[in-house]
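Subject: the two-chain model, and what I found in it

Hi,

Here is the model I promised to pass on.

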Amino acid sequence: MNQASNNEIDLLLRSFARGDKDSALRSGLSTEQVNAAASNHLDADELNSYAEGVVPAPARARYIEHLAECEACRSVVISLVPTAGAVNAAETREKKASTDFWQKLRTLFTPPVLRFAVPALMLAAVMGIGLWAVRRQQPAEYIAQNKVENSPSPQISTGSQPSAANESTATNQSKTPAEKNLGSTTEKSNGALEKPDANQKRAVDETEVAKLPAAKDAGTAGAVAGVSELRPYDLAPKAAAPPPPTPLLDADKSATLAKERPAKREEQEPTRDDQLRNREEDVHEPNRAAAQRNTTSVPSNGRVGGLMSTRGVEKRKIGGGETRTVAGRHFTREGDAWVDTAYEPSRATIKVARGSDQFRALVADEPGIRAIAEQLNGVVIVVWNNRAYRIQ
Amino acid sequence: MSQRAEQIEQLFAAGADRLLGRAADSHALAAEVLVPRLRSAVTKYVLRDDPEASLEVIADFIDKLQADDLCLIVACEQGNQRAWTDLVERFSATVKSAARSASSNEEGADDLAQSIWAELHGFRVRNDGRPAGKLSYYSGRGSLAGWLRAVVAQLAVDQHRKQSRMVQTEEDADFDRIIQHGQEENTWSGHGEAPNPELQISLKLAGAQMQKALAQSIRGLSAEDRLLVKLYYFDGLRLREAGAVLGVHEATASRRLTRVHNELRQQVGNILIEQEGWTRVETERAFSEVALKLDADIEPMLATEQILVKKENEVAG
């Protein structure tokens, strides 16, 4: 039936409701029926129960039957319903407020929610643990960390990958020079040069040479010269490294640098002989220079390099020796000590113990020294404002 | 006593204990005092319409009674003065508010409120010596505040009926004249300047037959649909208000009313054809003419409504 028909019957009903004042006809009941309905009026309790909607279904049907015919009871219900609705709404609000928290809590543990929430939580947990693990490893990259030299060619390493292999070899690299020499000597004596590859043998030799003071000094000089060209991580596969190009530093330069070695280092390395040192330098200086050039030819990782530069720490390894640049100062590893390259052994040092009041005062006045002391472990000899400090 | 009756009695006793346990203030009532009240309420709301109601339904009904309100009223009925004071303090504002809603002026509201407390306490004395007030009618099913409002509204209706039997005031006479005038002006069956007396008689006859068919059709509706029609067309409620009385949403009431329109239209047509001998074409044409006539008269109808509303406001104000 269309809207027009509905309008017709709507108008007819309106007219019917207004046109006839006879209550019997208006209600569609006979007079007897009206009187019977009036005699069974609902009492106040029933009317209120109906208005509040708390009447059981069978009784409600009876009440509706009566209300459809009884104008008096209907008028009472009409007057009660708005108030009853407000009361019910208030009660509902109160109940809702009291049970809101628990309902929400229960809702969280319903199967439809858990079906998606559990995998999401597990994923979040895995990601969180992974992030935590990565963040725990990151500081180690910025502190001293030695790197295994597996490359057949001598290569300047400016960073280390936080891999298990590096960490395992770092313990070997952190040995004292005497231990390293002992180890290398043992290797030699035991025929450790049994590696079939000639490049591998050369790498072993490099390691030995790098431990020599002359090589260390030469490496320092090279490192100072090529700091800006170094990349923090050697991303290119070392096995695929190009053949060594023409050396930039000749043997004379290496020899000159070797002569500048401090007497102290000569005392620490009494077993080295000049012949062996010179031979190794001749062999490896070109390679190191080539490594430097090769390193600069490979595009560096911008993110890592930027991170390293912001930290103001650079690390490289020449053969077995290490140099570092912290806060613009260059340090070489000498035993357990990091020695500023600007330091002269004849110079008197001011001993400052870490954690002491003097140390705190010093780092408070000189933030640069604080950075150095934080980045370098162990004994650090730094020249600062024409004064040499021995931080230990 | 049958087994079921015994079980129900046990339910009453156990329900009374639970009810007292639920009440924040039991007013030192004994469970035995509550049992007759529970029996009366269960009989009134459950067993009367469903004599075979299960014990679970009865127990559920008892457990949903308003424990605090019922204990308060029963304590008042038992003559507990503290309960009376509590009742008056807690619900005097409710009674006054209901009386104001039911009365046209403040003085009438005060009189109505006072008479309510008297009705609650009761003038007469029962056989047991206690006053026979309206308190015994409260079952605890609904809220006490709502029950008091219902008592006030019923009393107001009774008072209005008594006053209506008296001599009408001049204002009432004017009011009725306005209503009568509006109805006469807007009665589709007898309104209009019919150019032809035969046509006028024909229209009146057709209108009377349609009214009769419509009344018969309304009687054929279900009780709930009939109540909706009464609320919407006879009591002048909006769909939202009518839906609230029926306990349904406005949208549900609207859909239901549309369905009722269809049913009524169908039923009226059938009655006119089957009982009055109309043809289907005549039926359709009569509906259209009625609609046209009523549509043309809608403006004076609305004007009459405005006059009525204005008059009601003046009386209330």
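Below I go through confidence, the chain contact, the cores, some helix pairs and a few loop residues.

First, the ground rules: this is a predicted model, so local features need pLDDT of at least 70, side-chain atom pairs count only at pLDDT 80 or more, and totals for chains, interfaces and linings use all residues. Residues are numbered from 1 along each chain as its sequence is written, while chains are lettered from A and ligands numbered from 1 in the order in which they are written.

**Confidence**

The predictor gives the complex an ipTM of 0.81 and a pTM of 0.51. Chain B has a mean pLDDT of 82, with 79% of its residues at 70 or more (pLDDT is the predictor's confidence in each residue, from 0 to 100). One stretch to watch is residues 185-194 of chain B, where pLDDT stays under 50 and the model has 27 contacts beyond four places in sequence. A contact here means that the C-beta atoms of two residues, placed from the backbone, lie within 7 Å. Where pLDDT is low, the predicted coordinates should not be read in detail.

Among contacts in chain A with a separation of 6 or more, 73% join residues 24 or more positions apart.

The contact between the chains takes 53 residues from chain A and 55 from chain B. On the chain A side, α1 (3-19), α2 (23-27), α4 (44-51), α5 (57-69) and α6 (71-108) each supply at least two residues, and α1(A) gives the most, with 15. That side divides into 28 nonpolar, 13 polar and 12 charged residues. For the classes, Ala, Val, Leu, Ile, Met, Phe, Trp, Tyr, Cys and Pro are nonpolar, Asp, Glu, Lys and Arg are charged, and the others, Gly among them, are polar.

**The cores**

A nonpolar core is a set of buried Ala, Val, Leu, Ile, Met, Phe, Trp, Tyr and Cys residues joined through C-beta atoms within 7 Å. The largest one has 99 residues, and A:L47, A:V77 and B:V152 touch the most other members. Helix α7 (residues 144-165) of chain B brings the largest share, 10 residues. Leaving aside neighbours within four places in sequence, B:V152 touches B:V95, B:A98, B:A99, B:A102, B:L112 and B:I116. A second, separate core of 15 residues includes A:W338, A:V352, A:I369 and A:Y389.

**Helices in chain B**

α2(B) and α3(B) have axes that come within 11 Å and cross at roughly 115 degrees. (Axes are lines fitted to C-alpha atoms, for helices over the stretch in contact, and angles run from 0 to 180 degrees between N-to-C directions.) In that pair, B:L38, B:V42, B:Y45 and B:V46 of α2(B) meet B:V57, B:I58, B:F61 and B:I62 of α3(B), giving eight nonpolar, no polar and no charged residues.

Helix α10 (residues 223-234) of chain B packs against α11 (residues 239-246) of chain B at about 140 degrees, with axes 9 Å apart. Their contact has eight nonpolar, no polar and one charged residues.

Helix α4 (residues 67-77) of chain B is mostly covered, with 10 of its 11 residues buried. B:G79 follows α4(B) and has a positive phi, near 90 degrees.

**Loop residues**

B:D49 sits in the loop between α2 (31-47) and α3 (55-63) of chain B. It counts as partly exposed because it has 17 C-beta neighbours inside 10 Å. Not counting residues up to four places away in sequence, B:D49 touches A:P58, A:A59 and A:R62.

A:A327 is not a glycine, yet its phi is positive, near 55 degrees; this residue lies in the loop between β2 (321-326) and β3 (329-334) of chain A. A:N385, also not a glycine, has a positive phi of about 55 degrees. A:N385 counts as exposed because it has 9 C-beta neighbours inside 10 Å.

Cheers

Notes: Helices (H or I, at least four residues) and strands (E, at least two) are DSSP runs, numbered from the N terminus. A residue is buried if 20 or more other C-beta atoms lie within 10 Å of its own, exposed if 12 or fewer, and partly exposed in between; C-beta atoms are placed from the backbone.
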